[in-house]
Protein chains: 2
Amino acid sequence: MSNKLDELRNRVDEINVQLLNLINERARLVQEIGRVKETQGVNRYDPVRERKMLDSILEKNDGPFEKSTLQHLFKEIFKAGLELQEDDHRKALLV
Amino acid sequence: MSNKLDELRNRVDEINVQLLNLINERARLVQEIGRVKETQGVNRYDPVRERKMLDSILEKNDGPFEKSTLQHLFKEIFKAGLELQEDDHRKALLV
């Protein structure tokens, strides 16, 4: 393997860790939002808010990924966050 | 909506933008890796490298997401990167 390839891969590895940290930080915020909503009796899933988040992300996109690809990736991230909130909710009910 | 909820949502919005930028930065690196491999005649898809990346990410995970969730999300990110390389390759063939 060339040095160039190694260097690029090292940078990808660094970005992977940053992504990991951000994804988990986002998850903690989403959990907190779930708890706030729980106390207010508001529904956790809010499709209007989700659509607004997506639109706001996509309008900031300058590539190279297509909007459709980013929409897919972020929907997966949103879904994972919602599942986490639902797990928390179930656990809260069991206490 | 409470101020607390607004504040949490603002932080999620900031993280969304950071994620967008990192995901696209990763995509640019993956494109560059694809071009280097192209000149070296190496296969773009490298399952051993992908497995190593995943293991390295998952061992750094301290939650709240489960490893299985992160594995799913990162596999989607990897797949999107590979598709981008393949698009580039097809375009290169058409030039």
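User: Hi! Which backbone oxygen lies 2.7 Å from a polar atom of the side chain of Gln85(B)?
Analyst: That's the backbone oxygen of Val30(B). Bear in mind that this is a predicted model, where local features need pLDDT of at least 70, side-chain atom pairs count only at pLDDT 80 or more, and totals for chains, interfaces and linings use all residues. Residues are numbered from 1 along each chain as its sequence is written, and side-chain values use heavy atoms, with hydrogens and water left out.

User: Is Gln85(B) buried or exposed?
Analyst: Buried, because its relative accessibility is 7%; the cut-off for buried is under 20% relative accessible area, using a 1.4 Å probe and protein chains only.

User: Where is Gln85(B), and what does it touch?
Analyst: Gln85(B) belongs to helix α3 of chain B, residues 67-94; a helix here is a DSSP run of H or I with at least four residues. Leaving aside residues up to four places away in sequence, Gln85(B) touches Val30(B), Ile33(B), Gly34(B) and Arg44(B), where contact means heavy atoms within 4.5 Å.

User: Switching to the interface: how many residues of chain A are in contact with chain B?
Analyst: 51 residues of chain A are in contact with 51 residues of chain B.

User: And how many salt bridges across it?
Analyst: Six, counting a side-chain nitrogen of Lys or Arg within 4 Å of a carboxyl oxygen of Asp or Glu. Arg49(B) and Asp13(A) form a salt bridge, at 3.2 Å from N to O.

User: Which helices of chain A each supply at least two residues to that side?
Analyst: α1 (3-40), α2 (47-59) and α3 (67-94). The largest share, 27 residues, is from α1(A).

How values were computed. Chains are lettered from A and ligands numbered from 1 in the order in which they are written. Buried means under 20% relative accessible area, exposed over 50%, partly exposed in between (1.4 Å probe, protein chains only). A polar contact is a pair of N or O atoms within 3.5 Å; within protein, one must be able to donate a hydrogen and the other to accept it, and residues adjacent in sequence count only if both atoms are side-chain atoms.
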